[in-house]
Each structure stands twice: as C-alpha cells, then as structure tokens.
Amino acid sequence: MLRNPAVVENLWSLNDAIVSQGIPDSAFTLRVSDGDRYRDCAGRIVSASDDRPVRDSAQTSRHLYENGAVAVDLVVTGINMRTFRLALSTTSFDPRRTLSNYRNNPHVHIELPTLYNLPLNAVPDQLTGRKDVCR
Ligand SMILES: [Zn+2]
C-alpha cells in the first residue's frame with residue numbers, strides 16, 4: 001500500500017531513469033516489498049497492506065503515516081546498485097536516506113524528503129496512530 005502519490009510518481013520516474021541508461025524495461029524489476037505502515041491500537045507498527053506487525057520496523061520509520069508515509073522498500077533485480085543510485089539521483093528520493101544493508105531481508109529502502117509528507121488528514125482515522133479512535 002502506497003497512499004502517498006509523490007512516492008508513486010517518483011517510483012515511475014526512477015523506472016524511467018533506469019530505462020534512460022539504456023537498460024530495457026523488461027531486463028530489470030523494481031518490486032515494492034513494503035510500503036505504508038501505521039501504529040495499531042496496541043501500539044504495534046503494522047503494515048497498511050495486511051495489518052500484520054512489521055517486526056524490524058524502526059519506531060521513527062518514515063513508512064508510518066504519522067511520519068509522512070514517504071518511504072518505500074524495493075527488491076531490485078537485473079541492475080547493479082551503481083545503476084540504481086545513478087537513476088535515483090534524478091528523482092526526488094533523498095540519496096542520504098537510502099539504506100540497503102538489511103541482512104535478513106534483502107531490500108533497498110528509499111524515502112522522499114519531509115516536503116513530500118502525506119498530510120494525516122488524507123489518511124483514514126484508524127491509520128493515523130491517534131489514540132482517540134481506539135476503543
Ligand atoms: Zn523501509
């Protein structure tokens with residue numbers, strides 16, 4: 001689940017920027033392995049896609065709606081990290097916030113700057129982390 005339109009737009013830009021390096025669209029994949037998260041009424045960080053706990057999530061994760069939902073995790077195949085990073089540099093994703101050293105769950109985490117935060121009022125109340133909607 002990716003509710004933030006800026007994230008989706010920049011993923012398309014990223015894909016286009018890889019193709020622009022001469023790599024055919026059919027030769028590589030950018031698979032979204034994780035997107036939006038929220039804090040449930042028990043305080044657990046859960047995926048907005050399946051409402052299941054995300055065990056290794058950082059408490060300050062920017063996958064969370066309360067932190068802007070500007071992050072996306074990708075499983076990248078068919079291109080090397082140099083090509084990926086070069087393409088990424090043409091998008092609005094913040095290169096300083098790119099992480100790929102996940103040993104148990106290999107993926108690349110990328111995120112947009114706070115400027116692109118999804119406003120909380122664009123999110124259903126129960127996904128905002130607000131305690132007053134819990135009962
Ligand atoms: Zn991530």
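Analyst: The strands β1, β4 and β5 form an open sheet in the order β1-β4-β5, with antiparallel pairing. β1 and β5 are the edge strands, each with a single partner, so one side of each has no neighbour in the sheet. From one strand to the next the twist averages 40°, where axes are lines fitted to C-alpha atoms and angles run from 0 to 180 degrees between N-to-C directions. This is a predicted model, in which local features need pLDDT of at least 70 and side-chain atom pairs count only at pLDDT 80 or more, while totals for chains, interfaces and linings use all residues. Residues are numbered from 1 along each chain as its sequence is written.

Strands here are DSSP runs of E with at least two residues, and helices are runs of H or I with at least four, both numbered from the N terminus. Two strands count as paired if DSSP finds at least two bridges between them. β1 (residues 29-34) pairs with β4 (residues 71-77) in the antiparallel sense over five bridges, and D34 stands opposite D73 in β4. On the β5 side, β4 pairs with residues 108-111 over four bridges, again antiparallel. Within that pairing, L74 has V108 as its bridge partner, and A71 has E111.

The protein chain as a whole has two helices and five strands, following the pattern α-β-β-β-β-α-β along the sequence. Its radius of gyration is 15 Å, close to the 14 Å that the globule rule gives for 135 residues, so the chain is as compact as a globular protein of that length. That radius is taken over C-alpha atoms, and the rule is 2.2 Å times the number of residues to the power 0.38.

Across the protein chain, 26% of the 135 residues count as buried.

Methods
A residue is buried if 20 or more other C-beta atoms lie within 10 Å of its own, exposed if 12 or fewer, and partly exposed in between; C-beta atoms are placed from the backbone.
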